[in-house]
Amino acid sequence: MTTTETPSNITSRPQPATDSRPGSNIILIGMAGSGKTTIGKALAHRLGLAHVDTDHLLEAWWGIQLQQLRDLLGLEGFLEAEKKCVQGLILEDCVISTGGSVVYRAEAMRALQALGPIIGLTAGFPAIAERIARNPHRGLAIAEGQTLEDLYRERQDLYQSWSDLCIATDTHPIAACVQTIEEWLHGQKEGPAERI
Ligand SMILES: Nc1ncnc2c1ncn2[C@@H]1O[C@H](COP(=O)(O)OP(=O)(O)OP(=O)(O)O)[C@@H](O)[C@H]1O
Ligand SMILES: O=C(O)C1=C[C@@H](O)[C@@H](O)[C@H](O)C1
Ligand SMILES: [Mg+2]
C-alpha cells in the first residue's frame with residue numbers, strides 16, 4: 001500500500017468492485033400500498049436474488065419506525081434522509097423495494113437508475129386507500145392538510161416518468177405480477193431496453 005491509499009478496511013465505505021455489473025439490480029417504485037415490498041420479496045425469491053427494502057434500511061439506520069422518523073425530521077428532512085440512503089446503495093443482483101416518496105428527489109431516482117431497470121407498480125386509488133386503511137401503521141410522507149387522494153394524484157406522473165415498465169397490482173394477483181416482470185426482464189436481455 002502506498003502512503004496515498006486509504007486503508008479500505010477501517011473507515012472508508014466499500015467501493016464497487018472493478019468487475020461489478022452496474023444495472024444488475026431490479027428496482028420497484030410506486031405509491032404506498034402498491035406492493036413494492038410484497039412483490040419485491042416474491043420476485044427476489046423467484047429469481048434467486050437478495051431482497052433489499054430501503055424502508056427497512058432507513059428504520060435500521062435510525063432505529064425507529066418510518067412514521068416516527070417522518071415526525072422527527074419533518075417532511076423535507078425525511079425526503080433528504082431517504083435520498084441519502086438510496087444514494088449510498090452499492091448493490092448487485094438484488095431486488096430493491098423503495099419507499100413511496102423516493103420519487104420526490106430526482107438525485108435519488110438517478111442513483112436508482114444507475115442500479116438497474118425501474119419497475120413502477122400501480123393500483124387505482126380505491127385499492128391503495130383500502131390497503132393503506134388495512135395497515136394504519138404504514139408511514140406516509142404527506143404534507144399537512146393534504147389528503148391521501150391529493151397525494152395519490154400528485155405522484156402519478158412522477159412514478160410513470162421514472163418507470164421502464166409499469167405493472168398493475170390491483171387487477172393481477174401477486175404471482176402474475178412476478179411472472180410478467182420476469183418475462184419482461186428476459187426480453188430485456190435479448191433486445192435493447194425500451195421504455196413502455
Ligand atoms: N397483486 C398484488 N401485488 C402486490 N400486493 C398485493 C397484490 N394484491 C394484494 N396485495 C396486497 O397489497 C398490500 C401491498 O403492501 P406493500 O407493503 O407490499 O406495499 P408497499 O408498496 O411496499 O407500501 P409502502 O410504500 O408503504 O412500503 C399487501 O397487503 C399485499 O398483500
Ligand atoms: O409513500 C410514502 O409517502 C411513504 C411510503 C413508505 O414506503 C415510506 O417510505 C414512508 O413512510 C413514506
Ligand atoms: Mg414497502
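Predicted model: local features only at pLDDT ≥ 70, side-chain atom pairs only at ≥ 80, totals over all residues.

User: Which residues of α6 make the contact with α5?

Analyst: Let's take the two sides in turn. On the α5 side, the contact uses Phe125, Ile128, Ala129 and Ile132. By class, the contact of α5 with α6 has six nonpolar residues, no polar ones and one charged one. From α6, the residues that take part are Leu148, Glu149 and Tyr152.

User: At roughly what angle do the axes of α1 and α7 cross?

Analyst: Helix α1 spans residues 36-47 and helix α7 spans residues 174-190. Their crossing is right-handed. The axes come within 10 Å and cross at roughly 55 degrees.

User: How many nonpolar residues does the contact of α1 with α7 have?

Analyst: Helix α1 brings Thr38, Ile39, Ala42, Leu43, Arg46 and Leu47 to this contact. Helix α7 brings Ile174, Cys177, Val178, Ile181, Glu182 and Leu185. Sorted by class, there are one polar and two charged residues, and the nonpolar ones number nine.

User: What about α2 and α3: how many charged residues does their contact have?

Analyst: Helix α2 (residues 54-62) and helix α3 (residues 66-87) have axes that come within 11 Å and cross at roughly 115 degrees. Thr54, Asp55 and Glu59 are among the α2 residues in the contact, and Glu82 is one of those from α3. By class, the contact has eleven nonpolar residues and one polar residue, while the charged residues number three.

User: Let's move to the ligands. Which residue has a polar side-chain atom 2.4 Å from an oxygen atom of ligand 2?

Analyst: The surroundings of ligand 2 include Leu66, Phe78, Ser101 and Arg155. An N or O atom in the side chain of Arg155 is 2.7 Å from an oxygen atom of ligand 2, and a polar backbone atom of Ala141 is also 2.7 Å from an oxygen atom of this ligand. The residue with a polar side-chain atom at 2.4 Å is Asp55.

User: And how far is a nitrogen atom of ligand 1 from a polar backbone atom of His172?

Analyst: Ligand 1 has 19 residues around it, and those that come nearest are Gly33, Lys36, Thr38, Arg138 and His172. An oxygen atom of this ligand is 2.7 Å from an N or O atom in the side chain of Lys36, and an oxygen atom is 3.0 Å from a polar backbone atom of Gly35. For the nitrogen atom and the polar backbone atom of His172, the distance is 2.7 Å.

How values were computed. Residues numbered from 1 in each chain as written. Chains lettered and ligands numbered in written order. Heavy atoms only, no water. Contact = heavy atoms within 4.5 Å. Helix = DSSP H or I, 4+ residues; strand = E, 2+ residues; numbered from the N terminus. Nonpolar A, V, L, I, M, F, W, Y, C, P; charged D, E, K, R; others polar. Near = heavy atom within 4 Å. Polar contact = N/O pair within 3.5 Å; in protein donor to acceptor, adjacent residues only side chain to side chain. Axes fitted to C-alpha atoms, helices over the stretch in contact; angles between N-to-C directions. Left-handed = near helix turned anticlockwise from the far one by under 90°.
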